[in-house]
Amino acid sequence: FLMQQLITRDFKVKYKRSVLGVVWSLLYPVLMVAVMAMVFSQMFRFSVEGVNYLVYLMTGTIMFQYFSEATNNAMTSVVSNFALISKVYIPKYIFPIAKCIFVGINFVMTLIPWVILIILTQFGLGTYPASINWFYLIIPYIFLCFFLFTVGIGMLLSCVSVFLRDVFYIYGIILTIWNYFTPVFYSIEILPATLQTLFKFNPLYQFITAVREIVLYGTCPSITTLIVIGILGLGTLLIGAIVFKKNQDKFIYYI
């Protein structure tokens, strides 16, 4: 019940006095991708050989945007709810998880224009059409692992931020660097072989590339890839939960 109330409150706050309301969740990724496509494909001449660049770009953009927004919101969730924590006992893990679910609902809505874009490529939008195949049934598993990974990072950040408020500023810099180290708008094929190997250790690369393999290339991610993203999701969630549980009783002394 409390988690439902927190998520409902976040929706009301986010879309308060907004004329378009939740429609922004559909428009934002479209407008963002349109601007990025104009900048990177026209001005900087970025492209990925053999695939639809718009779908390539939008896939990376919406997934990184979810991770960025969810972890940022989760990071401040415990500190910003000090009034509740100090007055009554509440399972504190609810706060970062509620933030990740709230942003996750917005993420699911952004998948609507993403799917529409994929369909439009079948009718001539872009040089290459996206692939539509049975491997799409694997995408929910990839998104679930991605969600678990995000929750794990969110719980770690929400815990650390209670004791070290500098994390609020440091994490913004880390996200900027992480964004450039994640092939959102470019392909790692343009990088030297040594750098390509290094970039593949980026967890976000594994999640985004797994989806792109299905949508753009019509191939199933390898069993190794599916196992790796499963370990990343469950492993990060487990680490985040252990660290959070170990320190949550100390929160009241530092908030």
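This note comments, point by point, on a predicted model and on selected features of its helices, core and charged pairs.

1. Basis of the model. The structure is predicted, with local features requiring pLDDT of at least 70 and side-chain atom pairs counted only at pLDDT 80 or more, while totals for chains, interfaces and linings use all residues. Residues are numbered from 1 along each chain as its sequence is written, and side-chain values use heavy atoms, with hydrogens and water left out.

2. Nonpolar core. The largest nonpolar core comprises 77 residues. The term denotes a set of buried Ala, Val, Leu, Ile, Met, Phe, Trp, Tyr and Cys residues joined through side-chain atoms within 4.5 Å; buried means under 20% relative accessible area, exposed over 50%, and partly exposed in between (1.4 Å probe, protein chains only). Two or more residues each are given to this core by helix 1 (2–14), helix 2 (23–43), helix 3 (53–80), helix 5, helix 6, helix 7, helix 9 (203–215) and helix 10 (223–247). Helices here are DSSP runs (H or I, at least four residues), numbered from the N terminus. Helix 3 makes the greatest contribution to the core, with 15 residues.

3. Residues with the most core contacts. M63, F67 and W114 have the most contacts inside the core. Leaving out residues up to four places away in sequence, M63 touches F107, F143, F146, F207, I208 and V211; contact means heavy atoms within 4.5 Å.

4. Packing of helices 6 and 7. The axes of helix 6 (residues 139–163) and helix 7 (residues 167–180) come within 10 Å and cross at roughly 150°. Helix 6 is therefore roughly antiparallel to helix 7, a label used for angles over 145 degrees. The axes are lines fitted to C-alpha atoms over the stretch in contact, with angles from 0 to 180 degrees between N-to-C directions. Helix 6 contributes F149, I153, L157, V160 and S161 to the contact, and helix 7 contributes V167, F168, Y171 and W178. By class, the contact has 8 nonpolar, 1 polar and no charged residues. In this scheme Ala, Val, Leu, Ile, Met, Phe, Trp, Tyr, Cys and Pro are nonpolar, Asp, Glu, Lys and Arg are charged, and the others, Gly among them, are polar.

5. Salt bridges. How many salt bridges does the structure hold? There are 2, a salt bridge being a side-chain nitrogen of Lys or Arg within 4 Å of a carboxyl oxygen of Asp or Glu. The side chain of K99 meets that of D10 at 3.1 Å, N to O. K99 lies in helix 5 and D10 in helix 1, so the pair ties together parts that are 89 residues apart in sequence. The side chains of R9 and D10 form a salt bridge at 3.9 Å, N to O.

6. D10 is buried, with a relative accessible area of 9%, and K99 is buried at 14%. R9, by contrast, is partly exposed at 36%.

7. The loop between helices 4 and 5. Both P91 and K92 are found in the loop between helix 4 (82–87) and helix 5 (94–120). P91 is partly exposed, at 26% relative accessible area, whereas K92 is buried at 9%. Apart from neighbours within four places in sequence, K92 is in contact with I85, F244, Q248 and F251. P91 and K245 are 154 residues apart in sequence and 9.9 Å apart in space, C-alpha to C-alpha. K92 and P129 are 37 residues apart in sequence, with a C-alpha to C-alpha separation of 46 Å.

8. Further positions. E69, in helix 3, is partly exposed with a relative accessible area of 23%. Residues up to four places away in sequence aside, E69 touches K14 and V103. I231, in helix 10, is exposed at 56%.

Conventions:
Parallel < 35°, antiparallel > 145°, perpendicular 65-115°, else oblique.
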